[in-house]
Amino acid sequence: MARVIWKGAISFSLIHIPVSLHPASRAASLDFTMLDKRDFSPVGYQRINKGSGKTVEWGDIVKGYEYEKGEYVVMSDEDFRQANVEATQTIDIQGFVEPGEIPPMYYDTPYYLAAEKRGEKVYTLLREALAKSGTAAIGLIVIRTRQHVCALLPVGKTLLLNTLRHADEVLAPEEHAPAAKTLEDARVSQREFGMAIKLVEDMRQKWDPENYHDTYRQDLLQRIDDKVKAGQTKTLTPASAKASEFRTAKVVDLSELLKRSLEQRGSKGAGGTRRTGSSSRADAASEPAAAPSRVRKAASGGAKRRRSA
């Protein structure tokens, strides 16, 4: 079983369910080490004491809050717990909502909730009640040093806890996206709209996460292997002109694109070989090839200092 992140209980009304919190996701990025391009030596991070200039070991580091300029109050794990003992040990259910009412941008990190001893009966009762009513339980939970809003949802025989962003953490779409236009303002014809709807319906499918694979990871490993075989391990590849050409490529006629897309989908279906995955490339990756032999071990082992690609 995955490591326990938090232990406590779900609490609402007079109900008390002992549970533990476990990860429900994992990172699959490649590990890259930062290098000094002058001699390709690894670059490390050091924790420096700003007063003495000396390196500080992890065991000598504590958390401090600056309550005045240059003045700190030191906080231990016990201080964080004693700030509100009940809040740090309880998922306090505030109410129940329909999952569809929670906008997608509010979802943050998923975790699995496991029933502790003597909690199986009430855990099962809550899970089945949520499934039957089609609702999600909305609560508050303190993980490490921060309180989160969270949603509890039934997933098979397990309860999933998904932390939610607070309202002030979610930016309004109009702040970072162009103003929405109507079909008329965007000069989209009814013919083009009709073809777009037809293409969407033609590509409709059941959600299956197994249809989607990180094909770029495989391509990147192949690129690394190619550089190793070519003896270019210390060569920085210059930027390609094709990249800028791709970014500045002109958009062709929308009607023609939609027409060709529909014709292509029709030709796939005519022979009884219409794909149900996200794309031909996703289908081809349904049985992922092994990583290139020269880099397989390094990719699976990881580095001591993780660098996300």
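**First stop: helix H3**

Begin by selecting H3, which has 14 residues and reaches 20 Å from its first C-alpha to its last, close to the 20 Å expected at 1.5 Å a residue. As you look, bear in mind that this is a predicted model. Now show the side chains of Tyr123, Leu126, Arg127 and Leu130, which are buried in H3. If you turn the view until you look down the axis of H3, these buried residues fall within an arc of 95°, so they line one face of the helix. An α-helix has 3.6 residues a turn, so residues three or four places apart point the same way. On the face of H3 turned away from its buried side, you can pick out the exposed residues Lys121, Leu125 and Lys132. Before leaving, select Gly134, which follows H3 and has a positive phi, near 65°.

**Second stop: the barrel**

Which strands close into a barrel, and in what order? Colour the 7 strands in the order E1-E2-E8-E11-E10-E9-E7, and you will have traced the closed barrel, whose pairing is mixed. On average, neighbouring strands of this sheet are turned by 40° against each other, if direction is ignored. With H3 (residues 120-133) still displayed, you can see that this helix packs on the sheet, touching E1, E2, E7, E8, E9 (136-143), E10 (146-155) and E11 (158-164), and that its direction makes about 70° with that of E11.

Next, zoom in on strand E2 (residues 15-23) and strand E8 (residues 107-115), which run antiparallel and are joined by 5 bridges. Within this pair of strands, Leu21 stands opposite Leu113 in E8.

Then select Thr163, which is found in strand E11. Is Thr163 buried or exposed? Its relative accessibility is 2%, and because buried means under 20%, Thr163 counts as buried. If you display its surroundings, leaving aside residues up to four places away in sequence, you will find that Thr163 touches Tyr106, Tyr107, Asp108, Thr109, Tyr111, Ile143, His148, Val149 and Cys150.

For one of them, select Phe12 and Phe96, whose rings are edge-to-face, with 5.8 Å centre to centre and 80° between the planes. Phe12 lies in strand E1 (residues 6-12) and Phe96 in strand E7 (residues 90-97), so the pair ties together parts that are 84 residues apart in sequence. Phe12 counts as buried at 18% relative accessibility, whereas Phe96 is partly exposed, with a relative accessible area of 42%.

Move on to Trp207 and Tyr212, which form a stacked pair with 5.5 Å centre to centre and 20° between the planes. Here Trp207 counts as exposed at 68% relative accessibility, while Tyr212 is partly exposed at 34%.

Select helix H5 (residues 190-202), whose 13 residues should span 18 Å at 1.5 Å a residue, and whose end C-alpha atoms are 18 Å apart, which agrees. Its residues Glu192, Met195 and Leu199 are buried, and seen down the axis of H5 the buried residues fall within an arc of 65°, so they line one face of the helix.

**Last stop: the whole protein**

Finally, zoom out to the whole protein, whose secondary structure comes to 10 helices and 11 strands, and in which buried residues make up 22% of the 309 residues.

Terms used: Residues numbered from 1 in each chain as written. Heavy atoms only, no water. Phe/Tyr/Trp six-rings, centres within 6.5 Å; stacked < 30°, edge-to-face > 60°. Helix = DSSP H or I, 4+ residues; strand = E, 2+ residues; numbered from the N terminus. Buried < 20%, exposed > 50% of the residue type's maximum accessible area, 1.4 Å probe, protein only. Pairing = 2+ DSSP bridges. Axes fitted to C-alpha atoms, helices over the stretch in contact; angles between N-to-C directions. Contact = heavy atoms within 4.5 Å. Expected span 1.5 Å × (residues − 1). Arc of directions from axis to C-beta.
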